[in-house]
Amino acid sequence: MKFEKRRASTKQEIPTASMPDIVFMLLLFFMVTTTLREVDVLVAYSLPEAQAIEKIENKRLVSYLWVGKDKRMQINDSIVLLEEVESIMYKKRQELPNVIVSLRIDKAADMGLVTDIQQELRDAYCLRINYSSTIKL
């Protein structure tokens, strides 16, 4: 009598039918969660140094205002005048009531200009202001 080894009749292949669905879901997930850089900075600036800084956890509430060496101001993608700051920031505040205005001002900028910007922000009821700086080592 001859003995034969019985083999299972199942296939040893990995099912790949759902692979395109998984790849599509991963692609969709990364497209939704990735934030691309929204603003190109048009003004040249160098931030002042500070010994103690605090990091803002929720960056979605932050709106940036840049002031360059040549006293040009930028909000979003456009260069603005000082008189336009109030209306632009008031609109931002209406869209996002808890907006934090982060001022990225050149370290050689005139303090009178900074005071004027603060007054425009106060008129727009943007009272949450942050001054960006680099850490002093």
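**The sheet and its helices**

Mentor: Five strands make it up, in the order 4-3-2-5-6. It is an open sheet with mixed pairing. Keep in mind that this is a predicted model.

Trainee: Which strands stand at the edges?
Mentor: Strand 4 (78-80) and strand 6 (129-131). Each has a single partner strand, so one side of each is left without a neighbour in the sheet.

Trainee: What does the twist average from one strand to the next?
Mentor: It averages 30°.

Trainee: How many bridges join strand 2 to strand 5?
Mentor: Six. Strand 2 covers residues 62-67, strand 5 covers residues 100-105, and they run parallel.

Trainee: What stands opposite Tyr-64 in strand 5?
Mentor: Ser-102 does.

Trainee: Switching to helices. Which strands does helix 2 lie across?
Mentor: Strand 2, strand 3 (73-75), strand 4 and strand 5. Helix 2 runs at about 20° to strand 3.

Trainee: And which strands does helix 3 touch?
Mentor: Helix 3 packs on the sheet and touches strand 2, strand 3, strand 5 and strand 6. Its direction makes about 165° with that of strand 5.

Trainee: At what angle do the axes of helix 2 and helix 3 cross?
Mentor: Roughly 30°, and the axes come within 8 Å. Helix 2 is residues 82-95 and helix 3 is residues 111-123. That angle makes the two helices roughly parallel.

Trainee: Is the crossing left-handed or right-handed?
Mentor: Right-handed.

Trainee: Which residues make the contact?
Mentor: From helix 2, Leu-82, Glu-83, Val-85, Glu-86 and Met-89. From helix 3, Asp-116, Ile-117, Glu-120, Leu-121 and Asp-123. By class, that is five nonpolar, no polar and five charged residues.

Technical notes: Residues are numbered from 1 along each chain as its sequence is written. This is a predicted model: local features need pLDDT of at least 70, side-chain atom pairs count only at pLDDT 80 or more; totals for chains, interfaces and linings use all residues. Side-chain values use heavy atoms; hydrogens and water are left out. Axes are lines fitted to C-alpha atoms, for helices over the stretch in contact, and angles run from 0 to 180 degrees between N-to-C directions. Helices (H or I, at least four residues) and strands (E, at least two) are DSSP runs, numbered from the N terminus. Angles under 35 degrees count as roughly parallel, over 145 as roughly antiparallel, 65 to 115 as roughly perpendicular and the rest as oblique. A crossing is left-handed if the near helix is turned anticlockwise from the far one by less than a right angle, and right-handed if clockwise. Contact means heavy atoms within 4.5 Å. Ala, Val, Leu, Ile, Met, Phe, Trp, Tyr, Cys and Pro count as nonpolar, Asp, Glu, Lys and Arg as charged, and the others, Gly among them, as polar. Two strands pair if DSSP finds at least two bridges between them.
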